[in-house]
Amino acid sequence: MDLGQINPLLLLASLMVAATPILLAAIGEAVVEKSGVLNLGVEGMMITGAVVGFAIGVNTGSPAVGFVAAAAAGAALSMLFGVLVLYLMSNQVATGLGLTLFGLGLSSLIGKPYEGMKAPSMAKWDIPVLGDIPVLGPILFRHDPMVYVSLIIVAVTWYVLTRTRAGLILRGVGENHDAAHALGYKVVRVRLLAIAFGGACAGLGGAYVSLVRVPQWVEGMTAGAGWIALAIVVFASWRPWRVLLGAYLFGGITVLQLNLQAAGAAIPVEILAMSPYVVTILVLVVISLRGNHGAPGSLGRIFHATH
Amino acid sequence: MRAVKTLLASVAVAAGLSGAAVAQDATKVGFIFVGPIGDGGWTYEHNQARLAVEEEFGDQVETIYQESVPEGADAERAITQMALAGADLIFTTSFGYMDATVAVAEKFPDIKFEHATGYKTAPNLSVYSARFYEGRAVQGHIAGKMTKSNIVGYIASFPIPEVIRGINSAYIHAKKVNPDVQFKIIWAYTWFDPAKEADAAKALIEQGADVILQHTDSTAPQAAAQEAGNIITFGQASDMSEYAPMPRVSSIIDNWAPYYIARTKAVMDGTWESTSTWDGIGAGMVGIGEITDAVPADVKAEAEALRDALGSGEYHAFTGPLNKQDGSAWLAEGETADDGTLAGMDFYVEGIEGEIPSS
């Protein structure tokens, strides 16, 4: 074993890349759940974002346009979910699962002509001056723009949720929709917007997989990242910065275990391979033991204005 | 289902119809796939072979398939469902379906089953596989000659004999032409997860590998290698020629079509028997994709000579002297490995570092 072969700088840099898709999807879902809606369709919205982002990226030659289209596609798909659960009062769990299945099928249909094609490459931002700082430079300042976009989204989400009136209303709707309704807030409208935001973020996360991380279109390529994102929301107790922590922890362990294997670490491979999931479960257990989970009060409950 | 068919057939005869056209319904062939048919690798090739069966027999055959069936308990349900749907012949195309296929075959003695890459047979269950390790030998040769860092990265899937054979074969032939070569192996524990495969390829490249061999099914490692630049790869299961001439410099192509056609024909003719088939380059089940110009002409010529020698049977990929990883003798000078040992291979050959995870 020679752990010296693992370059910690490259490891940290690839950690950020590996974590970005789940980070994007999880921050979106955190907002949706904060508004009191449980959308289990994250995987379906991600994969749809992945295929639409890839298709538009290939056709226009611009990954940036691809990302915008992916966000729009994710949001559009989430509106299907929104109408079903908010206006037709369908069961959120069943509808969310249905959305995942629908997204997986839809994406293979759209993706058929794009199999085996290559994505337009996305230039990395080699930020001048900052990128040249020893140690920190390569880790923090030489990524593709989406890594920074994801961090900005987390920061903005945190600010809006905790420091603005709009965030207060959204949290109020999520904690007790009857009270919010009685105060005159438009519960359905707030939730619809939150769901659209969640869909757009999931779409971006999916497109990050197909345009940057892999980068190509392969059927079923998100391979469960949407479910990990859902777990990370709980892991984070619905708090934006903890979502970031959770996603980077998960991404970090995923990348680290591959590096340890390649370096021939004397740890059984089975343990390394399961480590990201074990750590996630362990942290969930620790959080549960502390009692206060921070789940929004109206999470998953159906709202009807006349009740 | 069967009762209904019989009933319909007798009704048809009773009605005085010219029985033949009505009673002779198409032979139904089912396929269970481990990944999506668009994976660009393993499942893609099995599906191409399915299409070849349709092409060959036209209206006489009807094919059905199910994609992305997980290996494990759920596989049994999927296979049973296919049997109940009236399939006459079912191909289960991944190692992990072995026990499920055995269990379902026992319940449906009149249906023929074919399991890929396994070793358990029954009167109505055949096994078939390809000698991919012959292709790995050619890859190992090119890898050993081409590597500058002397580090070859290998993305392995599950610790099963088929994968271990591939690693050993590639290593033996890389070592033969480059005594300093070192293999870094990552067990991905998946056949298909593009993001994970890409991460594994990146981790190997970051640790100095300039050749990436993969035993997983997607083209993601090819894309990762292309992005990193100056890395060579090999197409796995399918040609993956969209990544030629660099990084993909050659490939192993699985060609299942002749086998699937022959077995379907056997079911139609009523001559189907339980068999164990293990064909290689010689029989055309394993193809070596075009070696691109990124490989120097002399290396290309050597690789092609090796391919032909393996194909003609003049050379065996596991020819002694060879020791096991622990240094104990395995094959003496000139001795070749028997199929039994190869089929159950659970050890590395001497020189490979690391341990095989217990499966």
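1. In this predicted model, B:Ala100 is a buried residue: 23 other C-beta atoms lie within 10 Å, and the cut-off for burial is 20 or more. B:Ala100 belongs to helix 5 of chain B. Once neighbours within four places in sequence are set aside, the contacts of B:Ala100 are with B:Ala75, B:Glu76 and B:Ile79.

2. Chain B contains an open sheet of six strands, ordered 2-1-3-4-5-11, with parallel pairing. Strand 2 (61–66) and strand 11 (276–279) of chain B each have a single partner strand and therefore stand at the edges, with one side of each left without a neighbour in the sheet. From one strand to the next, the twist averages 15°.

3. Within this sheet, strand 1 (residues 27–32) and strand 3 (residues 89–92) of chain B run parallel and are joined by four bridges. As regards individual residues, B:Val29 has B:Leu89, in strand 3 of chain B, as its bridge partner. Helix 5 (residues 98–107) of chain B packs on the sheet, where it touches strand 3, strand 4 (112–116) and strand 5 (125–130) of chain B. The direction of helix 5 makes about 170° with that of strand 4 of chain B. This is the helix in which B:Ala100 is found.

4. Turning to the interface, 29 residues of chain B are in contact with 33 residues of chain A. On the chain B side, strand 7 (182–187), helix 8 (194–206) and helix 9 (220–228) are the elements that give two or more residues. Helix 8 of chain B provides the largest share, nine residues. The composition of the side of chain B that touches chain A is 13 nonpolar, eight polar and eight charged residues.

5. Some overall values for chain B complete the note. The secondary structure comprises twelve helices and 14 strands. Along the principal axes, the C-alpha atoms of chain B fill a box of roughly 80 × 45 × 35 Å. Of the 359 residues in chain B, 51% are buried. Among contacts in chain B with a separation of 6 or more, 65% are between residues 24 or more positions apart.

Terms used:
Residues are numbered from 1 along each chain as its sequence is written. Chains are lettered from A and ligands numbered from 1 in the order in which they are written. This is a predicted model: local features need pLDDT of at least 70, side-chain atom pairs count only at pLDDT 80 or more; totals for chains, interfaces and linings use all residues. Two strands pair if DSSP finds at least two bridges between them. Axes are lines fitted to C-alpha atoms, for helices over the stretch in contact, and angles run from 0 to 180 degrees between N-to-C directions. Two residues are in contact if their C-beta atoms, placed from the backbone, lie within 7 Å. Ala, Val, Leu, Ile, Met, Phe, Trp, Tyr, Cys and Pro count as nonpolar, Asp, Glu, Lys and Arg as charged, and the others, Gly among them, as polar. A residue is buried if 20 or more other C-beta atoms lie within 10 Å of its own, exposed if 12 or fewer, and partly exposed in between; C-beta atoms are placed from the backbone.
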